[in-house]
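Here is a friendly walk through one protein model, with its strands, helices, rings and backbone taken in turn. Keep the viewer open and follow along.

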Amino acid sequence: MGNDFIDLESGIPVFSSFPEIPLINIDHKEYFLNNIEKADLKTVLIEKLYTENNINVSSNNIIFTSGAKEAIDLFIRQTIEPKKEVIIIQPAFYLYSYLVKLSRGTPVYVQAHKNNNYIPTISDIEAKISSNTCMIIINSPNNPTGGIYPQEWLASLSALAQKYNIFILSDEVYEKYTYDTNRHYSISAFDNPANPLIFTAFSFSKTFSMSSLRFGYLVSLASGLLENIKKIQNKIGITPNYITQQIAFDTLKLPFDIGKQVSVYDRNRLLISSWLSKYKQISTFCPQGAFYYYLDISKFIGSNINNTIITSSNDFSIAFSKKTKVKVLSCSNFGSNIHVRLCFARPYEIIKTALERIDNSKILN
């Protein structure tokens, strides 16, 4: 669409400032070894998981992956058998359904709603459990809604998994991005060590704006299953390369206060919230975490925008982008044809300019 467009479509965060990461301490003897996981990096992550996530693990409870996507993919491949069912809370990141289907499983959806902060009841989830259910996938803070699952809800979901002996896969890549008094909790903190069923995916892509680095990690008390997952990984990709691991280690040692960046995004969030208040045609939920607005554009269905009759969120996002020169994401792949997603993980001035462009286009009047 050209370079004059402002991209509020992609979920890649843009930090306003970040200290330079020196590439140092490369041990050339280890550099060429296959499938090595740096022990010092695991030590730092073990400490992080204990202090920040209340998850008590050892080195055999963590495997390194090429981003959280590989962690999710590997766990699904290991766990799902043909025709097994996986419960997914919608709206949801499109990757979950695709990977379940790729492994010949069947996605089963539980719809979450704005009037309950996009948190389904535990009974709603339990009603979808059948003899074929093998897994529940959750994502908190959530993409695309910005909802956060409360501590009590997570504890209840863990108990539900124990009741039916089904796995939980928790995608927590947005763990650092919470606003107001909201707090992120890791469901793995509620797992049963005697019968571990929870697997959690983490990533550097969102936390440190390092999408191209491709470093993530999968955590579980079920060390035996992690070992099986490692065997699959060895056949298709091997552990993230040594330089990537070294950069990850050096990053964790940097004196970087991510709270400052969260404050930048919170400022953007509040700016957009105030701006949206003048457009009654757009219904939304003020995000508690992550860095997206999930915008209900149902009132525009059937309208004519830029000589396009709007029949779906796909139509709206294309017409909107052409009219305003601001790109937003259709949520059709997230489970909704009446929502678009707007990413506010951008510098404040970029967000301000984007909103001015939308105002000037008069598309929402």
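## Strand 2 and its partner

Strand 2 and strand 8 (residues 216-220) are antiparallel partners, joined over 4 bridges. Within this pairing, Thr-65 has Gly-216 of strand 8 standing opposite. Please bear in mind that the model is a predicted one.

Is strand 2 (residues 62-65) covered on one side or on both? Both of its faces are covered: Ile-62 and Phe-64 are buried on one side, and Ile-63 and Thr-65 are buried on the other.

Ring pairs link Phe-64 with Phe-202, Phe-204, Phe-208, Phe-215 and Tyr-217.

The charged end of Lys-42 is placed over the ring of Phe-64, at 5.7 Å from the ring centre. Lys-48, for its part, lies over the face of Phe-202, and here the distance to the ring centre is 4.2 Å.

## Other aromatic pairs

How many aromatic pairs does a search of the whole structure find? The search gives 27. One of them joins Trp-275 and Tyr-279 in an edge-to-face arrangement, with 5.2 Å from centre to centre and 65 degrees between the planes. The angle is over 60 degrees, so the pair counts as edge-to-face rather than tilted. Trp-275 has a relative accessibility of 8% and therefore counts as buried. Tyr-279 is buried too, with a relative accessible area of 7%.

Phe-300 and Phe-316 make a tilted pair, because their ring centres are 5.4 Å apart and their planes meet at 55 degrees. Phe-300 is in the loop between strand 9 (292-296) and strand 10 (304-305), while Phe-316 is in helix 11 (residues 313-324), so the pair ties together parts that are 16 residues apart in sequence. Both of these phenylalanines, Phe-300 and Phe-316, are buried.

Strand 13 is joined to strand 14 (residues 339-343) by 2 bridges, and the two run antiparallel. Here Leu-329 stands opposite Arg-341 in strand 14.

Helix 2 (residues 39-53) packs against helix 9 (residues 242-252) at an angle of about 40 degrees, and their axes are 9 Å apart. Helix 2 and helix 9 are therefore oblique to each other, and their crossing is left-handed.

What is the angle at which helix 3 (residues 67-79) and helix 8 (residues 223-236) cross? The angle is roughly 110 degrees, and the axes come within 9 Å. Helix 3 is therefore roughly perpendicular to helix 8. The crossing of helix 3 and helix 8 is right-handed.

## Backbone points to look at

Two cis peptide bonds involve prolines. In one, the bond runs from Gln-90 to Pro-91, with omega near 5 degrees. Pro-91 is found in the loop between strand 3 (85-90) and helix 4 (95-102). In the other, Ser-140 is joined to Pro-141, and omega is about -10 degrees. The loop that holds Pro-141 runs between strand 5 (133-139) and helix 6 (151-164).

Positive phi values deserve a look as well. Asn-54, a residue other than glycine, has phi near 60 degrees. Asn-54 lies in the loop between helix 2 and strand 2, and counts as exposed at 55% relative accessibility. Lys-83 is not a glycine either, yet its phi is positive at about 75 degrees. Lys-83 is in the loop between helix 3 and strand 3, and with 68% relative accessibility it counts as exposed.

Terms used. Residues are numbered from 1 along each chain as its sequence is written. This is a predicted model: local features need pLDDT of at least 70, side-chain atom pairs count only at pLDDT 80 or more; totals for chains, interfaces and linings use all residues. Side-chain values use heavy atoms; hydrogens and water are left out. Rings of Phe, Tyr and Trp (its six-membered ring) pair if their centres lie within 6.5 Å; planes under 30 degrees apart count as stacked, over 60 as edge-to-face and the rest as tilted. Buried means under 20% relative accessible area, exposed over 50%, partly exposed in between (1.4 Å probe, protein chains only). A charge sits over a ring if NZ of Lys or CZ of Arg is within 6 Å of the ring centre and within 35 degrees of the ring normal. Two strands pair if DSSP finds at least two bridges between them. Axes are lines fitted to C-alpha atoms, for helices over the stretch in contact, and angles run from 0 to 180 degrees between N-to-C directions. Angles under 35 degrees count as roughly parallel, over 145 as roughly antiparallel, 65 to 115 as roughly perpendicular and the rest as oblique. A crossing is left-handed if the near helix is turned anticlockwise from the far one by less than a right angle, and right-handed if clockwise.
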